[in-house]
Amino acid sequence: MSRESRAALGRQLLSFILVGGVGLVVDIVVFNALRTTVLEPSLVHGGPVIAKAISTSLAILVNWIGNRFWTFRSQRRTDVVREGIEFAVVSAAGMVIALGCLWVSHYLLGYTSIIADNIATNVVGLALGTAFRFALYRWWVYSVRRRNPVTAALDTASTSEPRVVIR
């Protein structure tokens, strides 16, 4: 990997982290607001998991906008609906990772305090989910090869060896 490529990847990773930070604030604020009010575990059995699903869904929307228009702006595709669906699929898989960490901690291990719930989902789940999402956003959703099939085909053709066409 060239020095320029590493620098570009570093800038992209930094912007991804900053966009994710905004999404994280939305996620944490909404999760804790719901977890301590209408979805408090003593009121709703699955309250923490439901609160996390709602808060993460809102954060996914915030992250899609930020990643589409900043982190991966040069790689975004013209097919917004397909890109959005793929982004949602990857984000939902990342959400399942965070929800799984929360479920294991809260229901399997019995750590039921709000601090334990936040560590399970917003530290452990976030770290695992972020690595997963960045990799799939970069290599699937916003892949340079998928940005514009016509341009990608022309780029590939121009880098291959010249062909002799006999008619």
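Mentor: α1 and α2 each supply at least two residues of the lining of the second largest pocket; helices here are DSSP runs of H or I with at least four residues, numbered from the N terminus. This is a predicted model, in which local features need pLDDT of at least 70 and side-chain atom pairs count only at pLDDT 80 or more, while totals for chains, interfaces and linings use all residues. Residues are numbered from 1 along each chain as its sequence is written, and side-chain values use heavy atoms, without hydrogens and water.

A pocket is an open set of points on a 1 Å grid over the protein atoms alone, where a 1.4 Å probe fits, with protein on both sides within 12 Å along at least five of seven lines; lining residues have an atom within 4 Å of a point. The second largest pocket has a volume of about 190 Å³, the space filled by probe spheres set on the points. Its lining consists of Ala8, Arg11, Gln12, Ser15, Trp70, Thr71, Arg73, Ser74 and Gln75. The largest share, 4 residues, comes from α1.

As for packing, α1 (residues 3–35) and α2 (residues 47–71) meet at an angle of about 155°, with their axes 8 Å apart; axes are lines fitted to C-alpha atoms over the stretch in contact, and angles run from 0 to 180 degrees between N-to-C directions. α1 is therefore roughly antiparallel to α2, a term for angles over 145 degrees.

Notes:
Angles under 35 degrees count as roughly parallel, over 145 as roughly antiparallel, 65 to 115 as roughly perpendicular and the rest as oblique.
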